[in-house]
Amino acid sequence: MSLPSSLPQYVLDLVEIYGPPKQRAWGTAVFYDRLEPENASAGEDGLEDGLETVALRQYQYFANAADWSTKPHWRNTWQCIYQRPVGVPADFFRDLRDATRAGGVDYDDHLLDRLEIAIVFDDQTDSRSVQPNPRTAAVLSAAFDAPEVQDFRVYRIGDSEVLQGLWMAARRGNGEVVMLAFIHD
């Protein structure tokens with residue numbers, strides 16, 4: 001699967017940092033798709049959720065599972081663990097923290113390293129915070145926090161045995177869908 005030749009700049013920037021789509025469920029990859037704006041909230045059959053349908057189709061590609069029967073554990077792991085509440089200001093890093101807490105996903109160095117986010121410890125308060133480098137923060141914000149983003153979700157992914165990860169998906173009002181996959185052992 002290749003990306004279309006004319007991509008929005010925010011997608012090109014994500015790809016530069018996290019890599020293009022791939023059929024090897026490891027590390028990070030960026031996926032891009034489009035829904036017709038009038039069908040953006042409905043799936044192709046008009047019954048399902050459009051963002052969920054697109055995200056699951058791209059995840060199937062990432063998992064290299066042309067047929068889910070060949071990799072049923074990959075499909076069974078798929079679970080929406082977070083959806084940005086309506087009316088809440090967009091904040092990718094807050095959303096990621098809330099998603100990992102809600103989903104019981106290990107918010108550890110693997111994820112932070114892959115997303116190029118540093119953990120900063122405060123010796124005075126013995127607390128920790130995450131701090132992305134400025135370029136990474138700007139790219140993630142442009143993709144997932146832009147005012148055009150109408151729906152942002154985080155899904156749990158993996159093989160339910162060794163590999164675990166997150167699938168972050170955002171749908172814009174014009175039908176653009178950008179997704180960032182992260183998976184590790």
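Helices (H or I, at least four residues) and strands (E, at least two) are DSSP runs, numbered here from the N terminus. The views show a predicted model, in which local features need pLDDT of at least 70 and side-chain atom pairs count only at pLDDT 80 or more, while totals for chains, interfaces and linings use all residues. Residues are numbered from 1 along each chain as its sequence is written, and side-chain values use heavy atoms, with hydrogens and water left out.

**View 1. Helix α4 and the glycine that follows.** Just after α4, Gly104 takes a positive phi of about 65°. The helix itself has twelve residues and reaches 16 Å from its first C-alpha to its last, close to the 16 Å expected at 1.5 Å a residue, where the expected span is 1.5 Å times one less than the number of residues. Its buried residues (buried meaning under 20% relative accessible area, exposed over 50%, and partly exposed in between, with a 1.4 Å probe and protein chains only) are Phe92, Phe93, Arg94, Asp95, Leu96, Ala99, Thr100 and Gly103.

**View 2. The whole chain.** The secondary structure comes to six helices and seven strands, which follow one another along the sequence in the pattern α-β-α-α-β-α-α-β-β-α-β-β-β. Of the 185 residues in the chain, 50% are buried. The chain exposes about 9200 Å², of which carbon and sulfur atoms supply 48%; these areas come from the Shrake-Rupley method with a 1.4 Å probe, and for residues only the protein chains shown count as cover.

View 3. Nine of the nine residues of β7 (residues 176-184) are buried, so the strand is largely enclosed by the rest of the structure. Glu176, Val178, Leu180, Phe182 and His184 point one way from β7, whereas Val177, Met179, Ala181 and Ile183 point the other way. In a regular strand the side chains alternate between the two faces of the sheet. Two strands are said to pair if DSSP finds at least two bridges between them; here β1 (residues 27-34) runs antiparallel to β7 and is joined to it by eight bridges, with Tyr32 standing opposite Val178. Eight bridges also join β6 (residues 164-172) to β7, again in the antiparallel sense; Gln164 stands opposite His184, and the bridge partner of Gly165 is Ile183.

View 4. Strand β6 is mostly covered, with eight of its nine residues buried. It pairs with β5 in the antiparallel sense over nine bridges, and Tyr155 stands opposite Trp167 in β6. The hairpin of β5 and β6 has five residues between the strands, and in it Ser160 takes a positive phi near 65°. The hairpin of β6 and β7 has three residues between the strands, and there Gly175 takes a positive phi near 95°.

**View 5. The buried face of helix α6.** In α6 (residues 134-144), Thr136, Val139, Leu140, Ala143 and Phe144 are buried. Seen down the axis of α6, these buried residues fall within an arc of 105°, so they line one face of the helix; the arc is that of the directions from the helix axis to the C-beta atoms. They pack against α1 (9-18), α4 (92-103), β5 (149-158), β6 and β7, contact meaning heavy atoms within 4.5 Å.

**View 6. The largest nonpolar core.** A nonpolar core is a set of buried Ala, Val, Leu, Ile, Met, Phe, Trp, Tyr and Cys residues joined through side-chain atoms within 4.5 Å. The largest has 29 residues, and those with the most contacts inside it are Leu14, Phe144, Phe152, Met168 and Val178. At least two residues of this core come from each of α1, β1, β2 (79-83), α4, α6, β5, β6 and β7, and its largest share, six residues, comes from α1. Apart from it lies another core, of 25 residues, among them Val54, Ala63, Leu163 and Ala181.

**View 7. Tyr10 in helix α1.** Tyr10 has its place in α1 and, at 9% relative accessibility, counts as buried. Leaving out residues up to four places away in sequence, Tyr10 touches Tyr32, Ala142, Ala143, Arg172, Glu176 and Val178.

**View 8. Asn64 in a loop.** Asn64 lies in the loop between α2 (50-62) and α3 (72-77) and, at 39% relative accessibility, counts as partly exposed. Its phi is near 55°, a positive value in a residue other than glycine.
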